[in-house]
Amino acid sequence: MAGQLDLLTEDEHYITGRPVATVFHNPQNLFSILRVKVTATNSGYDGKEIVVTGYFPPLEGEDTYKFQGSLVEHPKYGTQFKASVFTKDLPDTETGLIHYLSSDLFPGIGQKTAQSVVRALGNETISLILNDPSSLDSVPKLSDERKETLVSVLQENMGLERIMIALNKWGFGPQLAMRIYQTYREETISALQTNPYRLIGEIEGVGFQRADELGARLGITGDHKDRVKAAVLHLLNMAALSEGHVYVEAEALLPEAKRLLEASQPHKIGFEAISQAIVELGEESKIAVEQQRCYLPSLYFSEIGIASKVVSLLEDDSHSDAFPQSEIRKTLGGIEERLGVTYAKTQVEAIELALHSSLMILTGGPGTGKTTVIRGLVELYGELHGLSLEPKDYAKKEEAFPIVLAAPTGRAAKRMSESTELPAMTIHRLLGFNGMEREEETERELEGRLFIIDEVSMVDTWLAHQLMKAIPDGAQVIFVGDQDQLPPVGPGQVLKDLLSSGKVPAVELTDIYRQSSGSSIIELAHRVKKGAVTDDLGRKTSDRSFIKAGTPQIPEAVEKVLKSAISKGQSIHDIQVLAPMYKGPAGIDNLNKLIQGIVNPAKEGRKETVFGDITYRIGDKVLQLVNQPESNVFNGDIGEVVAIIKANETVDKKEMIVVSFDGLEVTYERKDLSQLTLAYCISIHKSQGSEFGTVIMPVVRTYRRMLRRNLLYTGLTRAKNFLILIGEPDVFREGIARADDLSRLTTLRERVSGTEEPSADGVARDGREQTTSAQAAQKASPDADVSGKTDSEPPAIEKSETPPSLTAANHQAVDPLIGMSNVTPYDFMDGR
């Protein structure tokens, strides 16, 4: 029997056969669907052909392969073989090996050379060469050039199989294994054997636990420095991505790292090893450490960059007396008459402050007139500066439009454009992002004189930095947002920090204007914002109601409300169900399937396609999950499936779905469908920046751990005309009573206000006590050794003379050790 480069055990199922057709192949991740003619199997399958799915490169039809895996039943296509590993059948006789090595696959290797190689190495020739290329040195008169040919061709053709087998043995599934291979290629095995923990930062889907399992297999255990460093970096990444923190205090990081390391492997870890790892990571520029705060470098320098730009803008007073108040008031009066509006006193103050500031924040809750102020400001700015507000006038002259409007999401940008009748776009599109950039690699200067950015509460630290550094000198910047909404999905809380710094000019609008007679949604929103909900919560009004129901009754209640709304003429595209969780009977996944069955059920003649657990049909409401700037669609955009094109209907045999986003049609190949999901019910986070005619929002005890004031406030303020709450009033009240107790750790406020320098007694200007890592270790464990006995001690970091407060004079030369006065590497070790 032919040999294989695998180590299958007798009880593992396999199918051996020759590929007769490739049904589907994704060149990006190599997922393939093959039809295979079966020549041997131990799976019990008795058919002549079978569909095999897995992650493979294009396989040659004339070769025979062995697929390891299991039989599965596809609900639509029947029995298939799901392969986790594949191997190519190789010759293992002298004649077969000579024939193979002298084939056209090996240029310059004739039959005589092949014969010499096989006679020298025997029937294990191929395995010997792959495992140890120097084995060819034993072949007489074999030139270095031919040795290189034999090794390179075998590695190219067999390397993927061997690597996939090794990764499979190490516990990686086929999809993840293929992602690893595509990153490291032929260096995969050596790269991971050298440092398996590099997977954490370089391969999506690999966390510390998985990398540590591989580390243990490779003998990396206990307090090995690579392992400890990986734990520290993992915790900082998780703090940023899961909790929104920009930094972690050393006092918290040390015991957390200790817990993580000891939970993953049964070895006691001393604080000294963790402290040393922090020092070395700082020396390697893999983390930044400032006053016992540990940052990811990208977040550390993003905060400094934002603060630098903010300080620069604040010190630019060139706009402070640009126009006299009399001229502003006179011109604004004409705008009021033309637009048919009357600005309140605080709105006029906001417009005047914006005109006279290089940086200003406009904030306020729903219905307080933020959009009205933006429209008035744009009109006034144009008239006072003698600027046309017709984009086509600038297009003719090939000049940039002077007023730039942007928002974090496509729907928020669209609302901005509709209210101002000017072009607006997402921040990502404004910056020219294509989704592939690394934060530190993007450099672009924007053109414009007035920048108005809406929904800034959604902007995280990374994106704010990219935006701020792209704004040209001399420009005016207006940030607009509601700080009481949910913080960004990413790390930081830029709007909240800038407001709390007390340095940025700001106007908060509090009077409610968008409240027609009898409307109560905005009134409820403002009560929720203050943490006050009266006993009339369950009272039905013309635009709001609260239907009592427990978790098991939520699906039935949602169905009744939905059918009632549709029967009264409302479109499913104007109705949005919002929920905070995905799982369970009241979760997003279940409610999406329920609503799809109501408004867009399976029907004869209606095209549909299945991707994972989701069935898509023409007419379905879908949500974009990731930014796709090249198609001008972004995370949070909602569209409708307008076409499903089957593979047999296209020339290149690829199935496609076409989605319309407000008239913009985007085509998705099957491999891209992970970017979409059903949108009949979406998360409250995903709804930020959007408004819907009718919002249906379940609030039940199942959600309790996630319910907080800002979450509920954000959800109910998405409703424009009708709000239907379904659930338990007591749970709603409990959620309102819970202010956001998940405070984010950031230092942007201190950097802008200049209150970050610790005083001599170890207390920061904001009153917080400073601790060293050694002190932190002692607090975390009274038994920790802080004697300071080390074999060698690194030199102290020189004291930085850089002032802690950024100014226009120093912000271009900020020392990266800012705030490190009186701090040395010894502070991060278990000693004094």
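The model is predicted, so local features are given only at pLDDT of at least 70 and side-chain atom pairs only at pLDDT 80 or more, while totals for chains, interfaces and linings use all residues. Residues are numbered from 1 along each chain as its sequence is written, and side-chain values use heavy atoms, with hydrogens and water left out.

## Nonpolar cores

A nonpolar core is here a set of buried Ala, Val, Leu, Ile, Met, Phe, Trp, Tyr and Cys residues joined through side-chain atoms within 4.5 Å. Buried means under 20% relative accessible area, exposed means over 50%, and partly exposed lies in between (1.4 Å probe, protein chains only). The largest such core holds 65 residues, and Met 697, Ile 726 and Phe 732 have the most contacts inside it. Helix H22 (residues 554-567) gives the most to this core, namely six residues. Helices (H or I, at least four residues) and strands (E, at least two) are DSSP runs, numbered from the N terminus. At least three residues of the core come from each of domain 4 (519-580 + 684-755) and domain 5 (605-677), with bounds taken from an automatic or database domain assignment.

What is Ile 726 in contact with, leaving aside its neighbours within four places in sequence? Taking contact as heavy atoms within 4.5 Å, the partners of Ile 726 include Ile 554, Ala 557, Val 558 and Val 561. Also among them are Phe 546, Ile 547 and Ala 549, as well as Ile 696, Met 697, Pro 698 and Val 699. A second, separate core has 57 residues, including Ile 203, Ile 220, Val 228 and Ala 250. In soluble globular proteins, nonpolar side chains tend to be buried together.

## An enclosed helix

Helix H25 (residues 709-716) is largely enclosed by the rest of the structure, because seven of its eight residues are buried. These are Asn 710, Leu 711, Leu 712, Tyr 713, Thr 714, Gly 715 and Leu 716. The buried residues of H25 pack against helices H21 (521-529), H24 (684-687) and H26 (729-737), and against strands S16 (575-579), S25 (692-699) and S26 (719-727).

## Paired strands

Two strands count as paired if DSSP finds at least two bridges between them.

| Strands | Sense | Bridges | Bridge partners |
|---|---|---|---|
| S2 and S3 (residues 49-55) | antiparallel | seven | Val 36 and Ile 50 |
| S1 and S4 | antiparallel | five | Tyr 14 and Gln 68 |
| S4 and S5 | antiparallel | ten | Gln 68 and Val 85 |

A hairpin of three residues joins S4 to S5.

## Aromatic contactsRings of Phe, Tyr and Trp (its six-membered ring) pair if their centres lie within 6.5 Å; planes under 30 degrees apart count as stacked, over 60 as edge-to-face and the rest as tilted. By this rule there are eleven aromatic pairs. Tyr 65 and Phe 86 form a tilted pair, with 6.5 Å centre to centre and 50° between the planes. Tyr 65 lies in strand S4 (residues 65-74) and Phe 86 in strand S5 (residues 78-88), so the pair ties together parts that are 21 residues apart in sequence. Tyr 65 is buried at a relative accessible area of 3%, and Phe 86 is buried at 2%.

Tyr 394 and Phe 401 form an edge-to-face pair, at 5.3 Å centre to centre and 90° between the planes. Both residues count as buried, Tyr 394 at 7% relative accessibility and Phe 401 at 14%. One aromatic cluster is made up of Tyr 247, Tyr 295, Tyr 300 and Phe 301.

A charge sits over a ring if NZ of Lys or CZ of Arg is within 6 Å of the ring centre and within 35 degrees of the ring normal. The charged end of Lys 66 takes this position over Tyr 14, 4.0 Å from the ring centre. Lys 397 lies over the face of Tyr 394, at 5.5 Å from the ring centre.

## Two loop residues

Glu 398 is found in the loop between helix H16 (391-396) and strand S10 (403-407). Its phi is near 55°, a positive value in a residue other than glycine, and Glu 398 counts as exposed at 77% relative accessibility. Asp 662 lies in the loop between strand S21 (656-661) and strand S22 (664-669). Phi of Asp 662 is near 50°, again positive in a residue other than glycine, and Asp 662 is exposed, with a relative accessible area of 57%.
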